[in-house]
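Here's a quick briefing to read alongside the viewer. Keep the structure open and click through the residues as they come up.

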Amino acid sequence: MSQQYQCRIYVTLRPSVLDPAGTAVQSGLQQLGYSEVERVRVGKYIELTLRAEDEETAKQHLDQMCDQLLVNTVIENYSFELTPVA
Amino acid sequence: MKFGVIVFPGSNCDRDVEMVTKGILNQPTRFIWHQDTDIDDLDVIVIPGGFSYGDYLRCGAIARFSNVMKSVMEHAKQGKYVLGICNGFQVLTESGLLPGALIRNRDLHFICDRVPLKVEQNQSVWTKNYQSQQILTLPIAHGEGRYYADDDTLKNLEDNQQILFRYVNSHGEITEDSNPNGSLHNIAGICNQQGNVLGMMPHPERAADQALKAIDGLALFQGLL
């Protein structure tokens, strides 16, 4: 019997890629008075649900989805979390 | 030479290209809908500018998986010509036909302007009708045109003379001020190692008609004939 999983995928720019949006947000925060902010990087968050036989298979498929479409590994890194839906 | 211009949902420079290849250069040209796969009759495939699939996820990321792109990969593998302009360049990097990626402009703005470019070498089919080091003026119109690649890739591009166009100032100098979008090495256009695939952010098709008083892009298309 397959299990449904709730997946949360975080896509971030690789450290070597400059992030002008992050820099703009950082200066906005600092202008608001949050001088403690030292570094902002803006990324993407993708939510999806899928069905798989087990968690290992679900992770394998997520890796493939990220490599093929969701992430451009030339400029981005990713990580994900998944939880079984009861 | 028979030209094919790909039309994705959201392409908006397809007719401009046809105007040049068919209207000005009298070459047979047909549009290719993104779901078509039969492009065997064509010599040159042009992937035009625009916002294919609304630029969702990343520019060019969805277009890369359209039916027609499998045929375009095959077309390129056979050594036939592929030209990607603006969004077309983004599709080519996403699909792996060209290395690197195009990311958000340094200053976050969409830039619509005419900028000076330098032709780096004229040993390529794409630039053979220009002088090496010639300064051109071509329109640019993009929000995500900043060329990025890792150091090894950049070194390969430089060593193999794959960089065909660079952003320069009006004296032909490569400076940070003349770099509109923050592209690494001021890169505006590159070809693959074999030289049959070209991707560029500037729009040669928008500067190829005497009526527009801008014809610096015409020689690129004439080089193919």
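Start with a helix: on α2(B), the face turned away from the buried side carries the exposed residues B:Asn67, B:Lys70 and B:Lys77. Keep in mind that this is a predicted model.

**Helix α2 of chain B**

- The buried residues of α2(B) are B:Val68, B:Met69, B:Ser71, B:Val72, B:His75 and B:Ala76.
- Looking down the axis of α2(B), you'd find these buried residues within an arc of 160°, so they line one face of the helix.
- What sits over them? The cover on the buried residues of α2(B) includes strands β1 (3-7), β2, β3, β4 (81-85) and β11 of chain B.
- After α2(B) comes B:Gly79, with a positive phi near 90°.

**The sheet of chain B**

- Chain B has an open sheet of nine strands with mixed pairing, in the order β2-β1-β3-β4-β11-β10-β9-β6-β7.
- At the edges are β2 (29-33) and β7 (135-142) of chain B, each of which pairs on one side only.
- On average, neighbouring strands of this sheet are turned by 25° against each other, direction ignored.
- For a look at one pairing, take β10 (residues 187-191) and β11 (residues 197-200) of chain B, which run antiparallel to each other over three bridges.
- B:Gly189 has its bridge partner in β11(B), namely B:Met200.

**Loop residues with a positive phi**

- Some background first: most residues other than glycine have a negative phi.
- B:Asn26 is not a glycine, yet its phi is positive at about 55°. You'll find B:Asn26 in the loop between α1 (14-24) and β2 of chain B.
- Is B:Asn26 buried or exposed? B:Asn26 is exposed, because it has 9 other C-beta atoms within 10 Å, and 12 or fewer counts as exposed.
- B:Tyr53 isn't a glycine either, and its phi is positive at about 50°. B:Tyr53 belongs to the loop between β3 (44-47) and α2 (67-77) of chain B.
- B:Tyr53 is buried, because 22 other C-beta atoms lie within 10 Å and the cut-off for buried is 20 or more.

**A buried loop proline**

- B:Pro180 is placed in the loop between β9 (163-167) and β10 of chain B.
- With 22 other C-beta atoms within 10 Å, B:Pro180 is buried.
- Leaving out residues up to four places away in sequence, B:Pro180 touches B:Ile111, B:Asp113, B:Val115, B:Ile140 and B:Tyr167.
- B:Pro180 and B:Val7 are 173 residues apart in sequence, and C-alpha to C-alpha they are 28 Å apart in space.

**Chain A and the contact**

- Chain A has two helices and three strands, and from the N terminus on its elements run β-α-β-α-β.
- Chain A has a radius of gyration of 17 Å, whereas a compact globule of 86 residues would have one near 12 Å.
- The C-alpha trace of chain A spans about 55 × 30 × 15 Å along its principal axes.
- How much of chain A is buried? Of its 86 residues, 14% count as buried.
- Among the contacts in chain A between residues at least 6 apart in sequence, 74% join residues at least 24 apart.
- Between the chains, the contact takes eleven residues from chain B and eight residues from chain A.
- On the side of chain B that touches chain A, five residues are nonpolar, one is polar and five are charged.

Notes. Residues numbered from 1 in each chain as written. Chains lettered and ligands numbered in written order. Predicted model: local features only at pLDDT ≥ 70, side-chain atom pairs only at ≥ 80, totals over all residues. Pairing = 2+ DSSP bridges. Helix = DSSP H or I, 4+ residues; strand = E, 2+ residues; numbered from the N terminus. Axes fitted to C-alpha atoms, helices over the stretch in contact; angles between N-to-C directions. Contact = placed C-beta atoms within 7 Å. Nonpolar A, V, L, I, M, F, W, Y, C, P; charged D, E, K, R; others polar. Rg over C-alpha atoms; globule rule 2.2 N^0.38 Å. Arc of directions from axis to C-beta.
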